[in-house]
Amino acid sequence: MFLPMTKSEMEARGWKELDIILITGDAYIDSPFSGVAVIGRVLEDAGYRVGIIACPDPKNDHDFQRLGEPRLFWGITAGAMDSMVANYTPLKKPRKQDDMLPAGKNTRPDRATIVYTNTIRRIFGKTAPIVLGGIEASLRRIIHYDYWDDDLRRSLLMDSKADFLIYGMGEKSVLELAEKLKKGEDPRTIRGLCYLSSQPPSDGVELPGWDEVKSDKLLFIQMFHEFYREQDPIRGRRLFQRQTPHNDPPRYLVHNPPAFPLTQPELDHIYELPYEYDAHPIHHKQGPIRALETIRFSITTHRGCYGECRFCAIAVHQGRQILSRSFESIVREARRLTAHPLFRGYIHDVGGPTANMWQMDCEKKTKTGACPTRSCLFPSPCEQLSPSHNSQRKLLETLRHLPRVKAVFVSSGIRPDLVYADPAGESYIKQIVFFHTSGQLKLAPEHTEKPILALMGKPDLSSLLQFRRDFLRFSKQAGKKQFLTYYFIAAHPGCTLQDMQRAKDFIQKHLHLTPEQVQIFTPTPLTYASVMYYTERDPFHPEKTIFVEKSPAGKQKQKDILQEEKKSPSRLHKRPPKS
């Protein structure tokens, strides 16, 4: 049974009012891949009456009124993506479709979190507290660079005038919030929660405020370093930051420490709640939801990523610690998928942000937190990591032998450097090639030139080239015509036309192809790469200025360099070297 989206569904459950109403910019897909579905199911499991309003039209008041007012709080999320990223290309052109909405119709408003909050305030006036969550809120929780304004913006709490903001994945924080509101208690001590105050807290680390970071880009870099260091659940401290100019009344963002990680039983329980693995019936007549076909029969094995690519926000949203589901829980979910009436024998993906990090992390993080000055993988894998793919190999083998399963694929990206840090890494590649590749496998080198890779926080390509050799060798042994798909980024901070030309030469010489997947860099909030883009400096060597391509024509030219000799589809992925 879906969470209710209409009054009639509430009445069918015998509910006259709801405790919590969740509003999302996405369609309501009841799947563990949907953040609003997960939060809704977690709250329902704890005994709360929860309803969902999906992709509402801000011009239609009835969309927001259809479930009445909640007793405890409104929860608002823009959806699975930041609404500006969802609505615009890296060159700031409107996108033609949205895979998370019915028929791909792009109906999500710009800055959806602000729009939805303001609409609730306009319609209902004084109402239950409004709580922000999801990726848009999480990545805009402090002062940040906004690419679409090409300027700094204050915390989303200031612009939206919501009451609270929950950052990160949010399950623990939202349960504690609901409990405190139900009891009439002050929720401002909850970990993973942000709020506004006219006074700074009595303890915590003060980040440089609005006047300081607006006038000094070096202070903006310092501010981001201080923020990033405290995003660890074990050693992170409370932060606070003035959001208003000094000649205005003071308003401080108070940023509580991150929520403690879920235990494995807690994570297992969340992923085994009674999801329908389908879109709510209200969407069926509105048209197909493209994303559903990808996620319906895919399985999440873990959360978090310690790759810390500088253009990626996973570290400040999901965290650097890997939270892995148990072997047994994943197998149980696979069995449930095979019983689904639409299941045709294929599990499309088994993975997470990085496919080969399941049950593979440093024990130190759970005791003293992630290292403040050492990356797990850059410039090379840390000796404390001791990676092994044996558990993942056993898991994949078990899944592919389940009844009704024809094939199990790994579609999430694989880190070659992590593969070869495992002494038995070759056997993992062989198993992936023989059994878990659906024609092509994704790799994300992103660039080829060492100075740009260093700015990206990516390793050199020695492990990627070794992976390619092993992949082709094992594909030949398996008698399969399979390909590697490589993802590259154009116009990343520091990258020049000459760097892209050298990248093109490298790709043609060593990978023997014209890349199909090249995207222009988008400076998303709360990433080191967005700091580079705004300040035009290397934040780890702030005295060093770097070139940043900011003109649309220059960005397009960088992309075109890699793709100007694009071949026909039959030759797109692989061109044999000359004999």
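Here are legends for a handful of close-up views of this predicted model.

Residue numbers start from 1 along each chain as its sequence is written, and side-chain values use heavy atoms, with hydrogens and water left out. Because this is a predicted model, local features need pLDDT of at least 70 and side-chain atom pairs count only at pLDDT 80 or more, while totals for chains, interfaces and linings use all residues.

**View 1. A three-stranded sheet, E20-E21-E22.** Here 3 strands make an open sheet in the order E20-E21-E22, with parallel pairing. Strands (E, at least two residues) and helices (H or I, at least four) are DSSP runs, numbered from the N terminus, and two strands pair if DSSP finds at least two bridges between them. Strand E20 (440–446) and strand E22 (517–520) sit at the edges with a single partner strand each, so one side of each has no neighbour in the sheet. On average, neighbouring strands are turned by 20° against each other, direction ignored; axes are lines fitted to C-alpha atoms, for helices over the stretch in contact, and angles run from 0 to 180 degrees between N-to-C directions.

**View 2. Strand E21 and its partners.** E21 (residues 483–490) is joined to E20 by 5 bridges and to E22 by 4 bridges. Look for leucine 443 opposite tyrosine 486, and glutamate 446 opposite phenylalanine 488. On the E22 side, alanine 490 has isoleucine 520 as its bridge partner. Of the 8 residues of E21, 6 are buried, so the strand is largely enclosed by the rest of the structure. Buried means under 20% relative accessible area, exposed means over 50%, and partly exposed is in between (1.4 Å probe, protein chains only).

**View 3. Helices on the sheet.** Helix H20 (residues 462–478) lies across E20 and E21, at about 155° to E21. Helix H23 (residues 552–563) also packs on the sheet, touching E21 and E22, and its direction makes about 170° with that of E22. Contact here means heavy atoms within 4.5 Å.

**View 4. Leucine 132 in the largest nonpolar core.** A nonpolar core is a set of buried Ala, Val, Leu, Ile, Met, Phe, Trp, Tyr and Cys residues joined through side-chain atoms within 4.5 Å. The largest one has 127 residues, and Leu132 is among those that touch the most other members, including Trp74 and Phe467. Not counting residues up to four places away in sequence, leucine 132 touches residues including Ile76, Leu156, Phe164 and Ile166. A second, separate core of 29 residues includes Val36 and Val174.

View 5. Threonine 338 belongs to helix H14 (residues 327–338) and is buried, at 9% relative accessible area. Its side chain reaches the backbone oxygen of arginine 335 at 2.7 Å. Beyond its neighbours within four places in sequence, threonine 338 is in contact with Phe343, Pro403, Arg404 and Val405. Serine 215, in helix H9 (residues 210–215), is exposed, with 63% relative accessible area. The serine 215 side chain reaches the backbone oxygen of glutamate 212 at 3.2 Å.

View 6. The structure holds 0 disulfides, a disulfide being a pair of cysteine sulfur atoms within 2.5 Å. For cysteine 309, the closest cysteine sulfur is in cysteine 312, 6.2 Å away and too far for a bond. Cysteine 376 has its closest cysteine sulfur in cysteine 382, at 6.6 Å, again too far for a bond. Cysteine 309 is buried at 15% relative accessibility, and cysteine 376 is buried at 9%.

Definitions and conventions
Polar contact = N/O pair within 3.5 Å; in protein donor to acceptor, adjacent residues only side chain to side chain.
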